[in-house]
Amino acid sequence: MLTNKVCKNAAEALADVGLGARIMFGGFGLCGIPENCIDELRRRELKDLTVISNNCGNQRMGLAILLQNRQVARCICSFVGGNPDLEQQILKQEVQVELTPQGTFAERIRAGGAGIAAFYTPTGVGTVIAEGKPAAEFGGRTCILETALTADFAMVRAWKGDTAGNLVFRESARNFSPLMAMAARTTIAEVEELVEPGQLDPNEVHTPGIFVQRVFQGTEYRNTIEKLCLWQGDAPPGDRQGGVGLTRRQMAWRAAQEVKPGSYVNLGIGLPTLVADYIPLEKGVTLHSENGVLGVGPFPRPDQVSPFLVNAGKETITVRPGASFFDSATSFAMIRGRHIDYAVLGALEVGANGDLANWMVPGEKVNGMGGAMDLATGARSVIALMTHASKNGTPKIVAQCTLPLTSPRCVTTIITDRAVMDVTPAGLVLREVAPGITVEEVVAATGAPMNVGAGVRSIQVPAQV
C-alpha cells in the first residue's frame, strides 16, 4: 500500500529507532555513508546497537563516532583496517564482532532481502571462518554454509531519490546500499536531491521504491573521502628495508610485469595499489575494484590519476572508456565466479604450499579479511607482493603459516624486495633475485626449503622506476 514516505529530516525518519536496534548502514569506508542518520543516532545517544556495515567507519569518522561514544554492542563487518576505535574495542573485548569475508557479507545481505535462508560458498574454506559451519562438496569443491542477514533498519544514502522511494546512487557510492535496502524491515534513505515521481528516468533507478519506507532530503554533507586524488610524487625515504633490495615502487613495477595483456586484475590495499601505475595502457588490462568499479585506469606516469587512490562518491572519478559501476554483490560475483585473472595481495605470511595469511595477528592486530578471502579463493592467479622479512628480520615466507589463514594453497607467485619465486606442487622455486642480493642471501632469509636452479636471473629494473 502506497503511503507518504517523505520525512522532514533525520530526526523524524529515525523517531522509532530504539535501544538495541539492529541496523544496516550503506557505505564503503567513508564513501556513500548516511551521514545525517549517523549524526542523529549520535545525538540521541542510543545504546546497545548492532551495527551491520562493511567496516563501521574509519579515520575516527562515520560510524566510528558511535563506537567512540560506546553506543555499539555488536558489529557484523568485514574490514577493520583504518578503524582504530573498532580494532581496540575488539582486542579489549569491549564489543562483540562477527568478521565476515566481504563477498560473503554482501551475499548474506542479498540473500536476506531475496528470501533465501542460506547458501554455500567456497570462500573461507580451510580458515577459521569455516569453524562450526556445515560443509558440502559441489563439483569436487568444498563449500561452507552461510546464512542470510537481515535487520530492523537499513540506513542508506542516495544521490537522487523521489518521494515514492526510488533511488539512484552515484558511481561506487552504490556499494552495499541497494542490498541493504532489500534486507531490512524498514529502510530509511537520505538523499542529496529529492524529486517528485516522474523526474527520475525509470531505466536509471537502482533501488525501486518497494524497498524504501522513508526518505528525506539530507543536508550538510562532509563527503570526507569522496574526492579525486592525484599522484603525489615518488615514494618517501626509507622505502627500502635495510637499504638493500627493491624499493616499494620497484616491487610494484615487477608485479606489473606478471600481468598478461587483456586480463582482469584486482589490486589489494597498500603496496599492491602501486601496481596500477606500471601497467601500460597498451597492455589492455582492466582493473577491478571490489567497491563496485570495473575499468579504472591504469594511467601513465607521472602526473596522471593514480586510480586506486580514488574514492568515488559525489565527486567524478576518472575511468577508462567502457567502465562500469555496480553493487557489491555483482562485484563479488565477478570474483567468486572466477572472472578475475589476477589478484595482487599483500601478505603477513606465505607458506611453502601457497597458503596465504594477511588479515590478523592474534592479540596484536585485527585488520579483518575484507575482500581478500574471496579474491584469494576466486582469482585464477594470486600474486603475493610483500617484504621478504618482517622489520625484526623474521622470515615471512615460511614452511607452514602460523597466523590465521586467508586462504589455503592459493598463492601462485611471490614477489618480495629480494626475490621472485613460484609456488609449485614440488615446492618453492626461486626465479629471480633483486640487484645486489645473492641467491645465498635469499635462501638464508627464507623460512622454507626452496628449489634453486641454474637459471636464476637478476631483476632488471628500468632506471626511471
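Two strands are said to pair if DSSP finds at least two bridges between them, and helices (H or I, at least four residues) and strands (E, at least two) are DSSP runs numbered from the N terminus. The model is predicted, so local features need pLDDT of at least 70 and side-chain atom pairs count only at pLDDT 80 or more, while totals for chains, interfaces and linings use all residues. Residues are numbered from 1 along each chain as its sequence is written, and side-chain values use heavy atoms, with hydrogens and water left out.

If you colour by accessibility, 57% of the 465 residues count as buried, meaning under 20% relative accessible area with a 1.4 Å probe and protein chains only.

Next, select the open sheet of 10 strands, whose order is β15-β14-β13-β12-β16-β21-β23-β24-β25-β26 and whose pairing is mixed. Its edge strands, each of which pairs on one side only, are β15 (324-325) and β26 (450-458). Strands of a sheet pair through backbone hydrogen bonds, either parallel or antiparallel.

Now zoom in on β14, residues 293-294, which is joined to β15 by 2 bridges, the two strands running antiparallel. Selecting Val293 here shows Phe325 of β15 standing opposite.

Finally, show the charged side chains, counting Lys and Arg as positive and Asp and Glu as negative, without His or the chain ends: there are 42 positive and 45 negative ones, and the centres of the two sets lie 1 Å apart, each charge being placed at NZ of Lys, CZ of Arg, CG of Asp or CD of Glu.

Definitions and conventions: Buried < 20%, exposed > 50% of the residue type's maximum accessible area, 1.4 Å probe, protein only.
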